[in-house]
Amino acid sequence: MILVAILAVLGMGAISASAYFIVAPGMRRLPMQWSVSGRVNWTAPRLVALSLTPLLISAIMLLVIALETEFAERDIALLILSVVGPVVHLLHIALIGRQTRNLS
């Protein structure tokens with residue numbers, strides 16, 4: 001299951017690398033959080049915005065590997081993170097793209 005987790009993180013890294021050049025190429029800062037009404041609450045520099053989710057998921061995965069002694073529970077947690085992480089990352093990038101299209 002550790003291999004699946006590594007592949008998920010590498011996949012998120014590849015998504016971030018391609019999004020860096022494709023999504024909102026003219027913007028130096030990208031949205032990070034939206035209010036209920038759809039307004040952007042705060043932005044981050046481009047590199048931070050696109051790498052934050054993969055870094056957070058990687059850190060959580062490392063904590064699971066380091067702290068979980070039961071292999072079955074560790075594998076289930078890594079599997080869930082390997083699915084949820086890329087989905088959340090893609091959602092964030094899609095929302096960034098939608099926000100920037102609405103601005104233009």
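Biologist: What makes helix 2 and helix 3 roughly antiparallel?

Modeller: In this predicted model, helix 2 and helix 3, the latter spanning residues 71-103, pack at an angle of about 170 degrees with their axes 10 Å apart. Angles over 145 degrees count as roughly antiparallel, and therefore helix 2 is called roughly antiparallel to helix 3. Among the residues making the contact are Leu50, Pro54, Ile57, Met61 and Ile65 of helix 2, together with Leu78, Leu81, Gly85, His89 and Ile93 of helix 3. By class, the residues of this contact divide into 14 nonpolar, 5 polar and 1 charged.

Biologist: Why is helix 1 called roughly antiparallel to helix 2?

Modeller: The axes of helix 1 (residues 2-22) and helix 2 (residues 46-67) come within 9 Å and cross at roughly 175 degrees. The cut-off is again over 145 degrees, so helix 1 is roughly antiparallel to helix 2. Helix 1 contributes residues including Ile2, Val9, Met12 and Tyr20 to the contact, while helix 2 contributes residues including Arg46, Leu50, Ile57 and Met61. The contact of helix 1 with helix 2 has 12 nonpolar, 2 polar and 1 charged residues.

Biologist: How do you know that Arg46 sits over the ring of Tyr20?

Modeller: The charged end of Arg46 lies 5.0 Å from the centre of the Tyr20 ring, and the definition asks for CZ of Arg within 6 Å of the ring centre and within 35 degrees of the ring normal.

Biologist: Why is the pair of Tyr20 and Phe21 called edge-to-face?

Modeller: A search of the whole structure finds 1 aromatic pair, and that pair, Tyr20 with Phe21, has 5.3 Å centre to centre and 80 degrees between the planes. Centres within 6.5 Å make a pair and planes over 60 degrees apart count as edge-to-face, so Tyr20 and Phe21 qualify as an edge-to-face pair.

Biologist: Are Tyr20 and Phe21 buried or exposed?

Modeller: Tyr20 has 33% relative accessibility, and since buried means under 20% and exposed over 50%, Tyr20 counts as partly exposed. Phe21, with a relative accessible area of 63%, is exposed.

Biologist: What share of the protein chain is buried?

Modeller: Buried residues make up 33% of the 104 residues in the protein chain.

Key: Residues numbered from 1 in each chain as written. Predicted model: local features only at pLDDT ≥ 70, side-chain atom pairs only at ≥ 80, totals over all residues. Heavy atoms only, no water. Axes fitted to C-alpha atoms, helices over the stretch in contact; angles between N-to-C directions. Helix = DSSP H or I, 4+ residues; strand = E, 2+ residues; numbered from the N terminus. Parallel < 35°, antiparallel > 145°, perpendicular 65-115°, else oblique. Contact = heavy atoms within 4.5 Å. Nonpolar A, V, L, I, M, F, W, Y, C, P; charged D, E, K, R; others polar. Phe/Tyr/Trp six-rings, centres within 6.5 Å; stacked < 30°, edge-to-face > 60°. Buried < 20%, exposed > 50% of the residue type's maximum accessible area, 1.4 Å probe, protein only.
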